[in-house]
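Have the viewer open while you read.

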Amino acid sequence: MEMNDRFLRACRREPVDVTPVWFMRQAGRYMAEYRLIREKYSLIEICRHPEIAAEVTLQPVRALGVDAAILFADILLPVIPLGLGLEFAKGEGPVIASPVHTLEDVRRMKPFNAEADLGYVMEAIRLLRGTLGGVPLIGFCGAPFTVASYVIEGGSSREFLKTKTMMYSAPEVFHALMDKLSTVLTDYIVAQIHAGAQAIQLFDSWVGTLSPHDYENFVLPYSQRILEAVKKENVPAIHFGTNTTTLLPLMKLAGGDVIGLDWRIPLDQGWSLLGNDVAVQGNLDPAILFAPLPEIKQRVTDVLRRADGRPGHIFNLGHGILQHTPVENVRAVVDIVHEYSVLPKGEGLGVRGSA
Ligand code: CP3
């Protein structure tokens with residue numbers, strides 16, 4: 001297969017033939033071929049079988065024509081070897097059997113070795129590098145804050161009240177947990193790179209619940225540690241969060257070659273808050289994929305117009321694909337991005353600032 005390097009080039013803010021596009025959660029229940037595999041295996045079983053995880057990773061690459069593959073895994077896998085217990089309860093999302101609340105709980109977390117404890121993930125990466133041909137493979141991990149929120153809350157949360165209560169009432173416990181998770185996640189992401197991941201994404205999905213002040217004190221130093229370790233490996237890093245409009249400059253400071261933007265901020269505004277010395281990824285509202293095609297086309301071209309042909313834009317949604325999304329609409333987005341981003345700056349969709 002021919003090398004498709006437009007995604008990796010865009011990560012480095014190099015010129016590209018057309019805008020690269022991939023989707024967070026591009027593998028999953030909205031695809032019939034994924035549901036077929038899920039009839040036989042649980043989510044964790046899929047992850048634990050490298051050949052099945054590799055197959056699921058390839059499904060959207062085949063079906064959609066995206067410019068990057070993302071390893072099929074979950075940000076919560078590391079909590080299993082840490083001894084906290086993980087289950088995906090039907091309709092409830094993740095459930096952690098032994099949440100962390102005290103310093104004792106932090107100290108009880110088991111030592112972690114990525115190759116020994118999550119070798120099945122590295123094996124899936126090695127298999128994929130052998131079969132993907134020219135399509136680049138993205139590895140990923142959760143950012144310390146987002147993983148800590150699950151570990152403290154015991155599952156998904158809306159208010160993050162247990163997490164914030166720990167931050168404000170027992171900061172030494174919170175910092176000890178963040179320190180431990182940063183060490184674990186650095187080891188994990190570097191192992192993925194050594195296994196063959198060609199870019200990585202740090203998912204800080206829920207960090208937008210914090211004020212800039214709390215982000216700076218409680219989160220930034222830990223995400224920075226992971227992103228600095230990735231930088232040493234010479235592999236591009238995407239730093240992703242949602243609801244981050246007021247956090248963007250601090251997220252940039254924490255690191256990443258590419259910063260994720262969600263739909264709550266227009267892409268051009270988000271990019272100017274960040275500055276031109278960093279690439280951006282985003283930022284279509286995943287719900288737009290439920291709209292009729294003409295509306296989808298207008299919204300996709302609006303994002304491209306706001307990017308205005310500047311090097312360093314990776315097209316994506318502002319968050320993951322939703323469960324009942326029509327596959328044909330996802331495929332249409334790939335085609336629209338590739339078709340409407342070919343014209344050079346100023347000649348295609350209109351110059352900067354035009355509606
Ligand atoms: O993007 C991909 O295609 C790669 C696979 C991937 C999964 N989870 C598989 C998965 C990735 C990148 C993730 C990341 C992840 N996991 C995040 C960060 C991204 C985000 O959405 O903000 C988070 C917060 C998690 C934790 C998690 N995993 C939750 C909250 C849930 C339950 C919610 C749901 O949709 O049911 C999961 C389950 C999960 N992880 C599914 C998939 C495909 C659901 C489908 C299934 O059960 O088969």
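Which polar side-chain atom lies 2.4 Å from an oxygen atom of the ligand? That atom belongs to Tyr-34. Before going further, note that this is a predicted model, where local features need pLDDT of at least 70 and side-chain atom pairs count only at pLDDT 80 or more, while totals for chains, interfaces and linings use all residues. Residues are numbered from 1 along each chain as its sequence is written, and side-chain values use heavy atoms, with hydrogens and water left out.

| Residue | Atom on the residue | Distance to a ligand oxygen atom |
|---|---|---|
| Arg-25 | backbone N or O | 2.6 Å |
| Gln-26 | backbone N or O | 3.2 Å |
| Tyr-34 | polar side-chain atom | 2.4 Å |

On its own the ligand exposes 870 Å², and the protein buries 89% of that (accessible areas by the Shrake-Rupley method with a 1.4 Å probe). Its shell has 24 residues, and Arg-25, Tyr-34, Arg-38, Ser-205 and His-319 come nearest (a residue is near if one of its heavy atoms lies within 4 Å). By class, that shell splits into 15 nonpolar, five polar and four charged residues; Ala, Val, Leu, Ile, Met, Phe, Trp, Tyr, Cys and Pro count as nonpolar, Asp, Glu, Lys and Arg as charged, and the others, Gly among them, as polar.

So where does the ligand sit? It's in the largest pocket (more than half of its atoms lie within 2 Å of the pocket's grid points). A pocket here is an open set of points on a 1 Å grid where a 1.4 Å probe fits, with protein on both sides within 12 Å along at least five of seven lines, and lining residues have an atom within 4 Å of a point. Helix 2 and strand 3 each give two or more residues to the ligand's shell (DSSP runs: helices are H or I, at least four residues; strands are E, at least two).

The largest pocket has a volume of about 1500 Å³, the space filled by probe spheres set on the points. Of its 45 lining residues, Arg-25, Arg-29, Leu-43, Asp-74 and Phe-88 are closest to the centre. Strand 2 gives the most to this lining, with four residues.

Finally, the backbone: the peptide bond from Gly-282 to Asn-283 is cis, with omega near -5°.

Note on methods
A polar contact is a pair of N or O atoms within 3.5 Å; within protein, one must be able to donate a hydrogen and the other to accept it, and residues adjacent in sequence count only if both atoms are side-chain atoms.
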